[in-house]
2 protein chains.
Amino acid sequence: MTLIRPENPQQARLVRLLRDDGPRSRVELGDILGLSRSTLTTELERLVARGLVETAGLAASRGGRRSSLLRLAGGVRFAGVVIGADRITAAITDGELNVLAETGEPADVRGGPESVIGRAVDLVEKLRAELGIAELTGVGVALPGPVDGDTSIAPAVLPGWQRFPVRDAFATELGCPALVDNDANVLALGEHHAGIGRTFDDFLYLKLGTAIGCGLVLGGTLYRGATSSAGDIAHLPLGEDGPACVCGEVGCLEAYAGDAGLVRAALAAARSGRSPALATRLTAAGTLTVPDVAAAATAGDPAAQALVRDAARRLGQVLVGLISFFNPSIVVIGGAPEGVGHILLSEIRGVVYRRSAPLATGTMPVVLSDLADRAGLVGAARLASEHVFATD
Amino acid sequence: MTLIRPENPQQARLVRLLRDDGPRSRVELGDILGLSRSTLTTELERLVARGLVETAGLAASRGGRRSSLLRLAGGVRFAGVVIGADRITAAITDGELNVLAETGEPADVRGGPESVIGRAVDLVEKLRAELGIAELTGVGVALPGPVDGDTSIAPAVLPGWQRFPVRDAFATELGCPALVDNDANVLALGEHHAGIGRTFDDFLYLKLGTAIGCGLVLGGTLYRGATSSAGDIAHLPLGEDGPACVCGEVGCLEAYAGDAGLVRAALAAARSGRSPALATRLTAAGTLTVPDVAAAATAGDPAAQALVRDAARRLGQVLVGLISFFNPSIVVIGGAPEGVGHILLSEIRGVVYRRSAPLATGTMPVVLSDLADRAGLVGAARLASEHVFATD
């Protein structure tokens, strides 16, 4: 594979700026980065010669001669892969991380890494063929569990993923640099690139769903912690007792507010007669899902609404501590079940604003992500670009 | 006042290295900072001419001509002031932040900023006269409450401190640059400079005592959060009910594990007859203090030991969340009552290791600070030096 990476820190700053801000004139690039005219000319020539940057027409006139715009070259193409608990999605982006094509299919992560990675690679290869791309610049992969550098450190519920060399597998199969990280971190990167997190340097991303997790952006970059496990809040104990969790403990946040916890509480509400709406759905389908709970709540079923509010209150309790401790500029919540985001949000806000330190929350917004699936795909491409567009 | 600060980033890196590592030869300075011989010579000459750096004899021979050592000049003198709930301490340090002299006296912070700052200034002036120092390079001040940049944003329990311009007051009175921060942040800086935190880039400092707080060092620098309130964990709610807190809420961490909470629980134990040792002390003195609880626990009184363990368990519960979220390299605990540090520590460790994510805590030490009062004084001097030894 051909590795096209910047040769020095100036080139790295140039390509990152073009990635984040789009096409720019020479004058703008020089001004923003504080580079001298001669350095700028030299480094841009090198980047053009190496196929990373290209010209893109003329800039709007600022008086005098119109200068030409520069942008990341058409040969720069990233792949983003999101491996969820029961679905794989993949996308290919340009250098600015705009999604050019995306696809996805159901897949059970418990099938093990060889099978799941093989199918993810097939999805990327299919997109690559459709778009007629000869070579990928890099691939980023989000995994539904803890990741330590090159390998997946899976929780006990994911047999076979424990210390599997996921990064090597993707790099070898796709013939380009590969990066892996856990899904909460990747989603936070996506929010930082393309969502409301774009305008904040310090924010907390809370991911709901099968697994609950946090991504922390600090000073504009992802904070991973001493052993890459920052944000692993799924198994925080909320008390001495509580529902059983997949991890073997009881009373974990995820056991209350994760998808499985919500479904268990919904089954209880259906069987006890507290929720006629859920009981009807249970009788019809033989089981209940999170979308069932969301649909019943949206349709006005008080018991289903109470389930959502209860999960939100547990999330709020944990957020109060994290916000006091970390004092973010904003909290972004992703993965809320379709239709009940506003119920979740109002309950979470209630708990947070009632009990957080006023200095930390006085002006701090708590919002729902509006990127949906795109956050993960863009974040995965961004993960790859962070590596490729660096010199170390 | 004469401001002696570095003129450019190279000079700033040189003086910070000499502050943190002590005297160094030219060769070592060039190697460590990656500076060319000519840049190094130019910048060191400027620093010597401006009175920030001086020569300090010859380095040990490395073969060939012995090179001369350089160190921060004798004219570089910082003051550190720690304003506690009931005591002011002050110190003067050299450029490497070694304490040259220190002093302290009882003072009730509720006396208000004018009176307390006046007495703190007097303490510093006394030390300055004793040491024959003409001019201070900078002063750092730790306050027992939240601080936002230049002013003190005090909790309701500190009348008069609300938005008082503490920084300006010290700068004007002492005729040198002044910096202020809350005590937990200053203590964390002290641990980072002179304690076990010296060898860690990401650590969590937990401050016990009248007020409970956290200081976060991230990537070698203090993390203050979006509105300078990162680490304000005192009023985290541990449940829906619990003892009343000074803040007006109930069940705050501080209401359980702060000094006032411990004393309230001790009074209850003495009056109920559960603790004969505390009852005897109460009868003798008419009241109880944290040292009374510590002495009774150290002497083997089971009820007093249980009080300490109960406070520790509450602290541990909060730490579990913070550790999962932040994934620090180490947790340092300061301000533990004399004699009961080991009881506190073993209970906190028990809770943390039992319920934290294994990835975050597998190798993470939880230790007691061994700097005692020095952490605050050195941290305050360090705070001042961070500002003076920078170019922005």
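Start with helix H9 (residues 276–285) and helix H10 (residues 290–298) of chain A, whose axes come within 9 Å and cross at roughly 140°. Because of that angle, H9(A) counts as oblique to H10(A). The crossing of the pair is right-handed. Keep in mind that this is a predicted model.

Show side chains at the contact. From H9(A), pick A:Ala277, A:Leu278 and A:Arg281. Facing them from H10(A) are A:Asp292, A:Val293, A:Ala295 and A:Ala296. Colour by class: this contact has 5 nonpolar residues, 2 charged and no polar.

The axes of H10(A) and H11(A) come within 7 Å and cross at roughly 120°. This pair is therefore oblique too. Here the crossing is left-handed.

Which residues of H10(A) meet H11(A)? Select A:Val293, A:Ala296 and A:Ala297. Their partners in H11(A) are A:Ala304, A:Gln305, A:Leu307 and A:Val308. By class, the contact of H10(A) with H11(A) divides into 6 nonpolar residues, 1 polar and no charged. Look back at A:Val293 and A:Ala296: both also belong to the contact with H9(A).

Next, go to the sheet of chain A. Three strands form an open, antiparallel sheet in the order E1-E3-E2. Its edges are strand E1 (24–25) and strand E2 (53–58), each pairing on one side only. Now select strand E3 (residues 68–72) of chain A, which 2 bridges join to E1(A) in an antiparallel pairing. For a landmark, find A:Ser25, which stands opposite A:Leu69 in E3(A).

Finally, display both chains. What rotation superposes chain A on chain B? The rotation is 180°, with 0.0 Å of shift along its axis and an RMSD of 0.0 Å. That is therefore the relation of a two-fold axis. To find the axis, select A:Leu322: of the residues of chain A, its C-alpha comes closest, at 3.4 Å. Then select the contact residues of chain A: 100% of them recur in chain B, so the same surface serves both copies.

How values were computed
Residues are numbered from 1 along each chain as its sequence is written. Chains are lettered from A and ligands numbered from 1 in the order in which they are written. This is a predicted model: local features need pLDDT of at least 70, side-chain atom pairs count only at pLDDT 80 or more; totals for chains, interfaces and linings use all residues. Side-chain values use heavy atoms; hydrogens and water are left out. Two strands pair if DSSP finds at least two bridges between them. Helices (H or I, at least four residues) and strands (E, at least two) are DSSP runs, numbered from the N terminus. Copies are superposed by least squares on the C-alpha atoms of residues with pLDDT of at least 70 in both. Contact means heavy atoms within 4.5 Å. Axes are lines fitted to C-alpha atoms, for helices over the stretch in contact, and angles run from 0 to 180 degrees between N-to-C directions. Angles under 35 degrees count as roughly parallel, over 145 as roughly antiparallel, 65 to 115 as roughly perpendicular and the rest as oblique. A crossing is left-handed if the near helix is turned anticlockwise from the far one by less than a right angle, and right-handed if clockwise. Ala, Val, Leu, Ile, Met, Phe, Trp, Tyr, Cys and Pro count as nonpolar, Asp, Glu, Lys and Arg as charged, and the others, Gly among them, as polar.
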